[in-house]
Amino acid sequence: MSIAPEIRYRFMKDIGAPLVMGMAGLKGKRKAAIKRDIPLGPPLKCSKRLKEIMTRHYFLSRYAEGARPVAWVTSGAPVELLRAFDFYTVYPENHGALCGAQKLGPELCSIAEGHGYNQDLCSYARIDIGVCLSGKTPVGRLPRPDILFASNNICQTVMYWYRVLAHHWKIPLMVFDTPFNFVSLDRSAITYMVRQFEEMIPELERISGRKFSEKKFKEVLRLGKSSAMAWGEVLATMKTVPSPMTIFDAFVHLAPIVSLRGLPVTLEYYNVLLSELKDRVSKGIGAIVNERKRLMWDNIAIWYKIRDFSRLFAERGMNFVTATYTNAWAETISYMDERNPMESLAKAYSLVILNNNLDHRLKLMERLIKEYQVDGLVIHSARSCKPYSVGQYDLKRLLMERLAVPSVVIEADITDFRAYSEEQTTTRLEAFFENIEDGG
Amino acid sequence: MKGWVIGIDVGSLTTDAVIMDEDKRVLSFSIVDTGYNSTDAAREAMTVAAGRAGLELEDVSRLVATGYGRAAVPEANKRVTEIACHAAGAVYLFPDTEMVIDIGGQDSKVIKVGKDGRVQDFVMNDKCAAGTGRFLEVMSAKLKIPLDGMGDISISARGEAAISSVCTVFAESEVVSLVARNCPKEEIVKGIHRSVVNRVWAMTRQLRVSGGVTMTGGVAKNRGVVALMEERVGRRINVPDEPQIVGALGAALFALREK
């Protein structure tokens with residue numbers, strides 16, 4: 001690494017970023033003063049801090065190039081290993097969600113489509129490829145990666161998508177291959193995964209130019225695990241009636257555990273959020289004004305509809321209190337154990353919801369429905385995410401049979417709203433509302 | 001006369017109104033084209049129905065609207081989804097109904113109904129006109145066979161052409177090439193009906209068939225589609241005399257319930 005980028009990065013980190021964050025905070029304040037939603041409870045005070053953290057993360061990323069080794073990482077990859085080498089990590093999926101929330105999905109997707117990528121391809125992948133090809137992004141600029149780090153524990157698409165990136169950037173792609181968990185994880189599967197980590201270390205040393213420090217790695221694991229547990233506690237506050245937070249809040253507050261996992265700032269942030277939520281619980285403050293029905297969400301968020309949906313449901317006194325999606329980052333990361341780092345890391349990442357069997361998912365949903373006192377289930381069949389959407393009709397039927405929970409399937413996409421039909425979705429949701437109200 | 005209600009169903013193709021008295025007797029009904037302006041269509045349907053029953057529209061005691069254009073009826077006392085309305089209407093006509101298959105102009109849906117007439121679950125087609133009335137309409141135009149004549153033609157078919165159930169536009173070009181190959185018309189029509197039934201059957205299967213099955217929506221008038229559907233579900237299907245007005249009928253029942 002040369003000196004100039006290093007100095008520039010340090011300067012931006014210590015002086016530039018705090019300045020930008022201050023400005024982001026001001027903008028937030030102005031907005032909050034103009035718009036107060038009536039069916040919604042008071043907004044979370046923490047949101048300002050979250051915005052600062054994420055703005056800083058993307059702002060600094062553009063100065064990381066040359067100053068620190070940079071990696072682009074899939075949401076389910078064992079990033080803890082990279083943190084031990086001080087990689088600056090960018091999460092294309094998180095960036096895709098951000099573009100989706102800003103309603104940029106179709107615009108960025110169509111750039112990739114113009115280069116021959118099919119509309120049936122995941123829209124996170126299309127956005128990311130579109131961003132690489134055009135340089136367009138709402139965050140200013142994404143840093144050029146030195147390495148791509150992907151795991152197929154969330155889908156097979158990432159293999160092809162990251163291969164395209166590797167070809168585009170002419171850089172190495174490192175893959176963590178996780179055997180699918182059909183019944184239970186056997187010894188050979190664990191050994192297979194641990195051996196991969198062992199092979200990765202010398203490669204990562206070469207690419208980053210830094211020595212692997214076991215001490216640092218263990219510290220990252222400890223931080224990652226504690227943050228995931230804190231996130232789990234954050235979600236658990238939603239068991240309270242009325243719930244102090246909606247799942248739409250959780251979709252947004254999920255960002256640090258996804259893309260800044262294993263860093264001190266994440267743990268610090270979730271502790272602040274947790275204490276705010278506990279305070280709300282003790283005062284009986286709900287996230288929506290009149291919580292009459294409690295709902296569960298399945299699959300990734302529909303990013304461009306978060307604002308509309310949070311209002312639509314709140315107006316009817318319906319609050320989403322749990323989701324399989326937000327739960328995913330609290331479910332298995334806590335398996336990480338610094339006393340047995342490699343093996344525990346393998347377990348934590350191969351047992352994630354999308355790499356696990358449908359029976360596991362059914363039991364998980366049953367548990368969440370009971371623990372969170374759920375009255376109804378909204379199932380998002382996401383055009384982008386096939387592994388998440390497959391089996392949903394069976395799950396829906398089984399949950400109805402076992403727990404008599406009414407549910408509805410809405411067909412949409414995570415970011416590409418060309419695959420979303422307002423009128424059709426409204427009719428389905430209204431029929432669901434009639435059904436759930438009828439049930440008393 | 002006092003206490004009569006109107007149920008109105010503003011659909012993509014037609015707007016239907018049903019007038020009902022306090023004793024749940026149907027006094028009259030009307031079916032008009034929705035056209036461009038749903039609000040005008042709704043008013044026309046109501047006026048026609050009221051005229052047939054010899055009533056003055058302003059004397060109506062309650063009005064419930066359903067269908068995609070339900071928001072376009074400003075005078076409605078309540079709006080109910082067509083899912084709940086088709087369920088209520090079907091159970092009113094055939095009390096043994098446990099499953100409703102509604103194939104309308106631009107969507108098709110399958111509804112599972114409880115003994116009390118309440119919706120238990122439903123499935124709808126998504127963002128695609130295959131398996132809907134629109135599919136048949138496009139094909140009838142292509143083959144120059146009137147829509148209401150398609151059922152009878154297909155009944156006489158000895159064979160059957162294979163037509164994809166994935167996309168209306170692609171199926172249309174399949175039909176063009178079948179015509180070019182001199183495939184008998186009735187076999188093409190039967191293949192078209194099969195295509196619709198296959199699509200709807202995929203939804204029906206998800207909810208598992210039980211009890212009485214009732215078909216509603218304009219496509220239920222097509223004998224060919226009903227016959228193929230009966231073959232699929234393995235039982236006789238209830239078909240109302242006026243399958244198009246079942247949504248409006250259900251809306252009228254909701255109007256009485258709320259009175």
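Which residues point one way from β7(A), and which the other way? I looked this up strand by strand and found that Gly376(A), Val378(A), His380(A) and Ala382(A) point one way, while Leu377(A), Ile379(A) and Ser381(A) point the other way, and that all are buried.

**Entry 1: ground rules.** I noted that this is a predicted model, in which local features need pLDDT of at least 70 and side-chain atom pairs count only at pLDDT 80 or more, while totals for chains, interfaces and linings use all residues. Residues are numbered from 1 along each chain as its sequence is written, chains are lettered from A and ligands numbered from 1 in the order in which they are written, and side-chain values use heavy atoms, with hydrogens and water left out.

**Entry 2: strand β7 of chain A.** I used "buried" for a relative accessible area under 20%, "exposed" for over 50% and "partly exposed" for what lies in between, with a 1.4 Å probe and protein chains only. Strands are DSSP runs of E with at least two residues, helices are runs of H or I with at least four, and both are numbered from the N terminus. In β7(A), residues 376-382, seven of the seven residues are buried, so the strand is largely enclosed by the rest of the structure.

I then looked for the neighbours of this strand, counting two strands as paired if DSSP finds at least two bridges between them. Strand β5 of chain A, residues 293-298, runs parallel to β7(A) and is joined to it by four bridges, and Asp298(A) has Ile379(A) as its bridge partner there. Strand β8 of chain A, residues 407-412, also pairs with β7(A) in the parallel sense, over six bridges, and here Val378(A) is partnered by Val408(A).

**Entry 3: where chain A meets chain B.** I took contact to mean heavy atoms within 4.5 Å, and by that rule 23 residues of chain A are in contact with 18 residues of chain B. The buried area, which is the accessible area (1.4 Å probe) that two parts lose on being put together, summed over both, is about 1,800 Å² between these chains, and carbon and sulfur atoms give 47% of that.

A salt bridge here is a side-chain nitrogen of Lys or Arg within 4 Å of a carboxyl oxygen of Asp or Glu, and I found two of them between chain A and chain B. One joins Arg70(B) to Glu430(A), with the closest N and O atoms 2.5 Å apart. On the side of chain A that touches chain B, the elements giving two or more residues are α18 (392-403), β8 and α19 (422-438). Of these, α19(A) gives the most, with ten residues.

I also sorted the residues on that side of chain A, and they divide into eight nonpolar, six polar and nine charged. In this sorting Ala, Val, Leu, Ile, Met, Phe, Trp, Tyr, Cys and Pro count as nonpolar, Asp, Glu, Lys and Arg as charged, and the others, Gly among them, as polar.

**Entry 4: the sheet in chain B.** How many strands does the open sheet with the order β3-β2-β1-β4-β5 have? I found five strands with mixed pairing, and the edge strands, each of which pairs on one side only, are β3 (26-33) and β5 (78-79) of chain B. Strand β2 of chain B, residues 14-20, runs antiparallel to β3(B) and is joined to it by seven bridges, with Thr14(B) partnered by Asp33(B).

Entry 5: Leu148(A) sits in strand β3 of chain A, residues 147-151, and is buried, with a relative accessible area of 0%. Leaving out residues up to four places away in sequence, Leu148(A) touches several others, including Trp72(A), Tyr162(A) and Met174(A).

Thr332(A) is in the loop between α14 (324-331) and α15 (341-350) of chain A, and at 1% relative accessibility this residue counts as buried.

**Entry 6: backbone angles.** The peptide bond from Val241(A) to Pro242(A) is cis, with omega near -5 degrees, and Pro242(A) lies in the loop between α9 (214-236) and α10 (247-253) of chain A. Gln373(A), in the loop between α16 (358-371) and β7 of chain A, has a positive phi near 50 degrees although the residue is not glycine, and is partly exposed at 44% relative accessible area.
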